[in-house]
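Q: Hi! Could you walk me through this model?
A: Happy to, here it comes.

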Amino acid sequence: MASTESESRTGATPPTAPAPRPGGPAPSGPSIVPRGPARLTLIAVTVAVLAQIVRYALPQLDHGDGAGAGSAVVAVLVVLAAGALSPLVRRAAGARGLLAAGIGGLLLVRVAAQAAGPQAWLAVAGAVVGTVAVAALYEGARGLSGVGFATATVAGLAADTAVRMAFGTWDPIWQDGVGPWLVCLVFAGLGAAALYREIASGPVPPPGVTWRDALGAAAFGPFLALQILVLSSPAFVASAGWKSLTVAHVVVVVGQGLALAFLASGLAVRAVPGGVCVLGGTLLGVGAGAIAGTYAVSGVEILPVVVGGQLLAAWLLAVACRAPLRRAGTGGAVWRVDLTAGLGAFLVAVVLVAYQVSAVKAVPVPNNVLPGLAGILLGGLAAIAAARGGPLPARAPLRAVTAGGSALVLLAGTAVYAAASPSGDAPSAPGGGRVRITTYNIHDAVDGTGRLDPDAVATAIAAQRPQVVLLQETGRGSLPSGTADVAVWLSRRLGMKLLWGPAADGQFGNAILTSLPVRRSGTGRMPRADWSQIRGYVWARLAVGSTTLDVWSTHLAYGGPGERLGEASSLLRAWSRAPRTIIGGDLNAEPGSDEIIRLTTDTGLRSAGTGDGAPTGPHGTRVDWILGTDDLAFDDYRVAPGGPSDHRPVTVTVRVAG
């Protein structure tokens with residue numbers, strides 16, 4: 001039977017509890033809080049650093065040198081192959097060697113990433129070492145209960161989320177300076193100290209393990225994928241829920257706090273039939289698929305789904321991990337757990353990389369299926385392990401209240417974020433009905449080397465001194481931008497209001513930043529014939545003196561001209577020829593193309609940069625446009641020199657009569 005508390009390192013059998021007196025109170029069950037805070041710290045730090053390395057690698061798959069769908073497939077295959085390394089490491093160096101190679105190697109990659117910045121080889125090394133680290137997690141946690149493992153895992157993710165929130169969701173791993181390095185060294189130092197303690201105390205003797213027991217270790221994969229994509233992402237909650245980033249993090253903390261309280265209560269693994277786990281996983285999968293993906297719901301209704309999803313995910317992980325962590329049993333060698341843990345790492349890569357690729361490539365099914373599948377897989381793996389048994393912890397309501405209340409500490413990240421004043425001031429309008437407008441495809445705020453750098457984007461925009469900024473390829477929790485809320489970060493940095501226009505999966509799209517008063521605004525999406533990225537637009541009616549100016553930001557498809565012609569027609573229908581209008585963005589169309597002719601013939605629109613053939617996009621193309629109605633006048637049209645994106649900012653001064 002699996003023990004639900006941390007048993008002694010010597011392997012001695014715990015003393016048997018005395019039988020209750022007839023009519024007397026039942027004796028207390030074993031504590032679900034394992035002895036040895038170093039072991040819990042080791043799990044928490046390892047999980048937090050794993051999440052950081054995943055977010056470090058994803059932008060490089062999409063934007064780094066030689067990146068693309070091919071490199072994404074290679075990354076998945078690398079993780080699959082790395083899953084076979086853990087048994088080999090165990091055989092060559094023993095359990096201590098597995099811990100040192102997996103967790104120690106992961107901490108070294110974290111420090112190297114902070115020092116070296118984006119490096120393709122380091123992203124690959126992180127994938128390989130991270131896969132071994134998942135197996136090492138189970139080795140270091142052996143003897144803990146599934147509840148203890150899940151508690152430390154949720155706590156690690158919660159601490160990681162709080163730290164990111166203090167940095168405005170821009171991961172410290174991408175930044176220089178004292179603060180980011182301090183965060184790096186705290187995580188690495190705590191992890192190294194806990195790892196040393198774990199290795200010095202000697203390995204826990206492994207039991208015999210059946211394949212059914214071992215399969216529970218794979219549950220960590222879909223659990224982590226859901227956390228990175230949805231459940232522990234304030235940017236996702238903010239964009240999908242149409243809430244401020246501050247409110248979004250409070251919602252995430254509430255979910256994490258309730259999960260910790262539920263795990264600490266002792267109710268999480270009491271008499272769990274496999275069918276209940278399947279039901280829980282189905283609910284989790286349906287909920288995740290409903291709020292994440294191209295065809296997801298949005299609005300306040302996603303908030304209870306996120307909170308409830310945290311509870312379900314933590315509970316299912318606790319149930320699934322009981323069997324692979326137990327100390328007694330019959331069966332085969334413990335390397336079976338190593339292999340299934342590697343399977344879990346592979347599932348992380350499959351879900352996240354496939355979801356990321358689906359944003360730019362046509363896939364057979366909508367990408368909502370991927371988070372839904374992750375939830376269902378987590379439930380199924382928990383169901384397999386549910387019948388393996390183990391002593392049940394006593395109910396502990398006081399401990400539950402304490403654990404849930406401790407989550408309030410996680411709001412420190414929110415407090416730091418809320419207290420920090422925006423660092424930029426938007427330039428005032430020149431007056432006389434003149435408005436400076438910039439359109440900029442920011443490439444997810446990722447430069448050509450794969451570095452996520454919204455500050456460089458903000459610097460490039462500020463140099464144009466605009467009052468209105470039309471943004472494309474903007475992330476708000478998207479995987480290519482490391483799940484950062486780039487749009488909110490830029491709005492705070494530039495001191496401008498944000499108007500968001502989701503496309504694709506709702507965490508990627510277009511935006512308008514402005515320092516002018518906003519009278520009205522709206523968003524829309526363009527029809528698609530397949531499951532590839534949906535294009536969209538966002539518009540705003542801005543006050544300019546005694547009149548108004550409508551501005552639109554859009555991004556047409558990269559595919560064939562026929563597809564863009566359809567999107568151009570959709571855009572014109574939505575616009576409806578309103579006066580005093582600017583339409584700007586990355587139209588993926590060159591001068592003289594059918595798409596530009598369609599937009600400027602008999603529509604009342606003309607290019608603000610007539611006669612200027614300066615390239616604006618990659619490979620010398622001119623694809624970024626500012627179009628305006630005939631009742632507007634333009635001057636000082638300018639294509640700025642290169643910045644962090646593969647596109648250049650295009651800026652013009654618009655004169656509005658009235």
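A: A few ground rules first: contact means heavy atoms within 4.5 Å. Axes are lines fitted to C-alpha atoms, for helices over the stretch in contact, and angles run from 0 to 180 degrees between N-to-C directions. Helices (H or I, at least four residues) and strands (E, at least two) are DSSP runs, numbered from the N terminus. This is a predicted model, where local features need pLDDT of at least 70, side-chain atom pairs count only at pLDDT 80 or more, and totals for chains, interfaces and linings use all residues. Residues are numbered from 1 along each chain as its sequence is written, and side-chain values use heavy atoms, with hydrogens and water left out.

Q: Great. Which strands does helix α20 lie across?
A: Helix α20 (residues 561-575) lies across β6 (536-544), β7, β8, β9 and β10 (624-629), and runs at about 160° to β7.

Q: And what's the strand order in that open sheet?
A: The order is β5-β6-β7-β8-β10-β9, six strands with mixed pairing; two strands count as paired if DSSP finds at least two bridges between them. β5 (518-525) and β9 (605-607) are at the edges with a single partner strand each, so one side of each has no neighbour in the sheet. On average, neighbouring strands are turned by 20° against each other, direction ignored.

Q: How do β7 and β8 pair, parallel or antiparallel?
A: Parallel: β7 (residues 547-555) and β8 (residues 581-586) share six bridges. T554 sits opposite G585 in β8.

Q: What about β6 and its partners?
A: β6 pairs antiparallel with β5 over seven bridges, and G524 faces Y537 in β6. Eight bridges join β6 to β7, also antiparallel, with A540 opposite V551 in β7. Their hairpin has two residues between the strands, and G545 there takes a positive phi near 65°.

Q: How many residues of β6 are buried?
A: Eight of the nine, so β6 is largely enclosed by the rest of the structure. Buried means under 20% relative accessible area, exposed over 50%, partly exposed in between (1.4 Å probe, protein chains only).

Q: Switching topic: which residues are buried in helix α17?
A: In α17 (residues 412-419), G413, T414 and Y417 are buried. Down the axis of α17, the buried residues fall within an arc of 100° (taken from the directions from the helix axis to the C-beta atoms), so they line one face of the helix. They pack against α5 (146-166), α10 (245-265) and α19 (486-494).

Q: At what angle do α5 and α10 pack?
A: About 165°, with their axes 10 Å apart. That makes α5 roughly antiparallel to α10, a label for angles over 145 degrees, while under 35 is roughly parallel, 65 to 115 roughly perpendicular and the rest oblique.
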